[in-house]
Amino acid sequence: MGRRGFLAAGAGAFLCTIGSERVLLARPGDAAKADAAAARVERPAFAAQRRGGGPQPSTPGADPVDALRFEQPAPRPGGQVREHWIEAVRQRWDIVPSRPRRDLWHGRAIPGPTAFDAFVYRRATAGFASPVRSGAMPGPILECEVGDVLKVHVRNSLPEKSGQAITMHPHGVRYNPEYDGVYLGDFTRAGGFIAPGEEFTYLWEATPDSVGVWPYHDHGPNHTLNTMRGLFGAIVVRAKGAPSPAREYVLVLHSLLPPITGLRRAYQCINGHAYAGNTPTLRAGVGDDVAIHVIGMDNNFHDFHIHGHRWKKDGAGIFTDNPTLGPNETITARFTEDNPGRWLYHCHVFAHQDGGMTGMYLVDP
Amino acid sequence: MGRRGFLAAGAGAFLCTIGSERVLLARPGDAAKADAAAARVERPAFAAQRRGGGPQPSTPGADPVDALRFEQPAPRPGGQVREHWIEAVRQRWDIVPSRPRRDLWHGRAIPGPTAFDAFVYRRATAGFASPVRSGAMPGPILECEVGDVLKVHVRNSLPEKSGQAITMHPHGVRYNPEYDGVYLGDFTRAGGFIAPGEEFTYLWEATPDSVGVWPYHDHGPNHTLNTMRGLFGAIVVRAKGAPSPAREYVLVLHSLLPPITGLRRAYQCINGHAYAGNTPTLRAGVGDDVAIHVIGMDNNFHDFHIHGHRWKKDGAGIFTDNPTLGPNETITARFTEDNPGRWLYHCHVFAHQDGGMTGMYLVDP
Amino acid sequence: MGRRGFLAAGAGAFLCTIGSERVLLARPGDAAKADAAAARVERPAFAAQRRGGGPQPSTPGADPVDALRFEQPAPRPGGQVREHWIEAVRQRWDIVPSRPRRDLWHGRAIPGPTAFDAFVYRRATAGFASPVRSGAMPGPILECEVGDVLKVHVRNSLPEKSGQAITMHPHGVRYNPEYDGVYLGDFTRAGGFIAPGEEFTYLWEATPDSVGVWPYHDHGPNHTLNTMRGLFGAIVVRAKGAPSPAREYVLVLHSLLPPITGLRRAYQCINGHAYAGNTPTLRAGVGDDVAIHVIGMDNNFHDFHIHGHRWKKDGAGIFTDNPTLGPNETITARFTEDNPGRWLYHCHVFAHQDGGMTGMYLVDP
């Protein structure tokens, strides 16, 4: 395996199952093949015909549970409905947006180009009247408390030419199968196939065992590619009446790969960006209650180190400064800030760290 | 690296140390080379000559601990001996047994062939009079309570032509070195080399720190290949008098690779099968105490997500719906069922999920 | 991908960012290129001119926190200063030092050569008067109690021809940015660039949340390569007055790769050595309070199994005999020894286990 081969391997080839097809994403341009396959996935009969119902009893594997109907979730006493309008959009995205492109850690110039057509979730005003701001990685952070219901209106605003169904699948919150947001072929429920131009409203409950920070992401027919190109976000659930931390950050660790971006190399990213000065520069002050939530969002495992800081692993027990996390798993670094200065944070997998998965944390005295 | 190369890499080449040889398993057919190497491993002098003794003092590295002899484990007061007869057999195994071969999630047809000659543990009646049922991945689940002794008679019933010694090495339970079930070259104890046609009886104690669910697997001279081709199972140890969960499942996450199977592609498996409708379809009802134990059994790390459910990580502390696990590590999802419907469960490493490591969980109202 | 390709891939190619350069380490000999790049990294202006100060306000990205000055850490009442003199040296290192080269587990002869020029930390007497012993992987274990200050004098004694700046970056302990031991380009503080022939004295505090065992390692401009060639060690912090375990071991799991060693194959190592009988042979007696601390130090994730033993995961909660750990993460196996004999310990990733990441643990009755 020569250098060319190594770089190709570093490109992160992977196989996707998309409806009835199996697509290899190995080279720049392959994303178009996956998108074409996704566009060929037919709307599940159920989703089109019987919102709230299940597959025909004659469907192979069909079961009485597929015919179940569910009550609409409602807030618990004292809880509220938290309403969001979110669109899935295609949006130009620069992995290394600083100009000149630069790694603030080493002072190294980063060669371009570094932009590609991402798919992201973008917040809109009520009724999708207008975008609130640009989409981002992660998408809108959905905050709530135990007892609340998240009412999330999701619109598929992908352009016709990349037309494919998407969804929004949440972790951590409670939902019935209608609101699972997963394409399941013949067993797809209403929220599992939002075609271009369509909308769907999810109702998710924050239960006592939902306390924590969780990812959400596309789980439609093309979910692997779409998630790996940016269609993900986060949910924050607090105990009833629990105060917000003074400083709270969500960092998503993931890779942006050539078969997806069409770029020449893989970037090891935090929130869609690579290299310090492009990734989030966090900030806090001495005395602040700080919470940094870190979520994995690719095929790799990571760990997460903040220089100059330690915290209790999983909020209890032993101390750590570098816990492991897997894809769609969350770890939280929570501590009372006591150490001013400029600090590096990074994934401690050396290959990820050197590929861009680093950032700066500035603490005021 | 072209597509051919990618597929080859996805084939999961790996090196094995087998006695005095080092064998590369990279291509279909290489398993035969490893088997031939394993067949050339000589019976350790000790195992043949002095059951219960150690290597000669003149053996390089020999130590007084190698000459130790051990008392036979016996149940604690109130405990019992739980006796099992288990054979290691070669058995035809279909990774995608549904007909037509199908992924119930996406409704995709899976091309064949998908069968190969696995090595599995198979339960027999007392005295190995007859097989109780076919062997499986995992092999027989060995249940017991703290204070019990597992008495496991293991017979090597592999065919002569694939003749090689095997063992059964348990995790979690207590055993003295005679019952470790590990080939250790010159230091091999009696339970560490069961040649074809031979039997060995292991005695394992369930101690208070054995509570949990644990893998067992071959740990003879060819253990890496044999484990990766199916020679593994599970042990369930409960606290004394603890009730069984209403619904309890053991899921083993592993890959079946071309150098092992002779098939053209790698399959990402749960309990030896790939793709929903082939992997276990789990079932429970609202109100049930449910325990799903998940064990890693290959070279990869995994995490494990169940749609619509959350539980306490490691049985305490924070909530999770997607914890990480390593090779031969166990995580348990335990919760009181409250969410009826059809749910997907899967490893959340996208490449594993898309390669077949998914299944369905049906909850009755 | 042929066998040659597999072996090359197993060689573990990786990319390093070294100052303004990006160097691919893929083949034997590539380490020299990285060293040359590291030698070209200029001393940060700040480190040379204004020890204790920050970058010029005109530096892109500069912030008021970069001009902060910090008080010198001092021991808490009842604490003490623990002083160490440690040199970074180049030292010939044999990965398989037994003669004849041998894997004590399988009895297999290991082909040579197996030695290379490592970079290691080596303990010296006060004032660097003379080496106390050879350098090692890990370097000197730095023990202290909560309330103490570690005063670590580090000298860069690398030969001129491999001249490059190094540092010592600790995990777990508290330090202000001067003592972070990290090269940060324009933001480098005094302890982040120790050129050949120079010394720097780090002051690190053991705070209540420092209790545990932690790695330290080079974090200079060439840190990825240097760490992966041996420039790492460990810190042990105990609660005030807490007794030392009767038997305490630190095991670092890491790989030594052809681009680094110039050898033909990758070795999966524990403390710089591969295969039982070369890796540490641990020893304890029945009744001993045993602590085995295991730290990851490469790009891989590992888990850690000791035959015949179980312990509480993270010191609490569920029992384990095989927990997962990531790069620069520590897990501790702590138990009261009760099981005499010869035991195998190993990473349970099969490919690592078969590549040398195994050892023996002897327990006296």
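This is a short tour of a predicted model, stop by stop, for you to follow in your viewer.

Because it is predicted, local features need pLDDT of at least 70 and side-chain atom pairs count only at pLDDT 80 or more, while totals for chains, interfaces and linings use all residues. Residues are numbered from 1 along each chain as its sequence is written, with chains lettered from A and ligands numbered from 1 in the order in which they are written.

**Stop 1: the whole assembly.** Select chains A and C.

**Stop 2: where A meets C.** Show the contact residues (C-beta atoms, placed from the backbone, within 7 Å). Chain A brings 40 residues and chain C brings 47 residues. On the chain A side, colour the elements that give two or more residues: helix H1 (3–10), strands S5 (108–109), S17 (302–306), S22 (341–347) and S23 (358–364), and helix H6 (350–354). Helices here are DSSP runs of H or I with at least four residues, strands are runs of E with at least two, and both are numbered from the N terminus. By class, that side has 17 nonpolar, 13 polar and 10 charged residues; Ala, Val, Leu, Ile, Met, Phe, Trp, Tyr, Cys and Pro count as nonpolar, Asp, Glu, Lys and Arg as charged, and the others, Gly among them, as polar.

Which surfaces do the copies use to meet? Different ones, because only 8% of the interface residues of chain A are also interface residues in chain C.

**Stop 3: two cis prolines.** Go to A:Pro100, in the loop between S3 and strand S4 (102–103) of chain A. The peptide bond from A:Arg99 to A:Pro100 is cis, with omega about -10 degrees. Then jump to B:Pro138, in the loop between strands S6 (115–124) and S7 (141–145) of chain B; a cis bond joins B:Met137 to B:Pro138, with omega about -5 degrees.

Stop 4: Pick A:Phe128, in the loop between strands S6 (115–124) and S7 (141–145) of chain A. Its phi is positive, about 55 degrees, although A:Phe128 is not a glycine. With 15 C-beta neighbours inside 10 Å, A:Phe128 is partly exposed (buried means 20 or more other C-beta atoms within 10 Å, exposed 12 or fewer, partly exposed in between, with C-beta atoms placed from the backbone). Finish on C:Phe128, where phi is near 60 degrees.

Definitions and conventions:
Two residues are in contact if their C-beta atoms, placed from the backbone, lie within 7 Å.
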